[in-house]
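Welcome! Please take a moment to look over the sequence and the 3D structure before reading on.

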Amino acid sequence: MADETLILYYVMTEKFSDHLRATGAYPQKFVLNPSLHDRYLRDVKLVSQSVGKPIDPGLHMGIRIEIDAASVGVMVASDGTEILLLA
């Protein structure tokens, strides 16, 4: 299995940046299932260690993270459109 370290973190950052650039607005939220949230928490821990300061695991780039067992992992755009995080 390929190393997936930080992939989710980087994808979320990219989707956020693309949305902000395209719309000039912040997305509403990220919605992760428990498995993806666990991956995200591992990523946040690594990034926090790398930058030498804690990162709030409840927010990504200032956008709240919601946990929903039924979610496939999406970013909810400012207009409510759900954008898939991982294919």
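What follows is a short tour of one histidine and of some aromatic rings.

This is a predicted model, in which local features need pLDDT of at least 70, side-chain atom pairs count only at pLDDT 80 or more, and totals for chains, interfaces and linings use all residues. Residues are numbered from 1 along each chain as its sequence is written, and side-chain values use heavy atoms, with hydrogens and water left out.

Let us begin with His60, which sits in strand 2 (residues 59-60); strands are DSSP runs (E) of at least two residues and helices (H or I) of at least four, numbered from the N terminus. His60 has a relative accessible area of 1%, so it is buried (under 20% relative accessible area, with a 1.4 Å probe and protein chains only). Beyond four places in sequence, the contacts of His60 (heavy atoms within 4.5 Å) include Tyr9 and Tyr40.

Now to the rings. Rings of Phe, Tyr and Trp (its six-membered ring) pair if their centres lie within 6.5 Å, and planes under 30 degrees apart count as stacked, over 60 as edge-to-face and the rest as tilted. There are three aromatic pairs by this rule, among them these:

| Pair | Centres apart | Planes | Type |
|---|---|---|---|
| Tyr9 and Tyr40 | 6.1 Å | 20° | stacked |
| Phe16 and Tyr26 | 5.5 Å | 50° | tilted |

Tyr9 belongs to helix 1 (residues 7-23) and Tyr40 to helix 2 (residues 34-51), so their pair ties together parts 31 residues apart in sequence. Both Tyr9 and Tyr40 are buried, and together with Tyr10 they form one aromatic cluster.

Definitions and conventions. Buried < 20%, exposed > 50% of the residue type's maximum accessible area, 1.4 Å probe, protein only.
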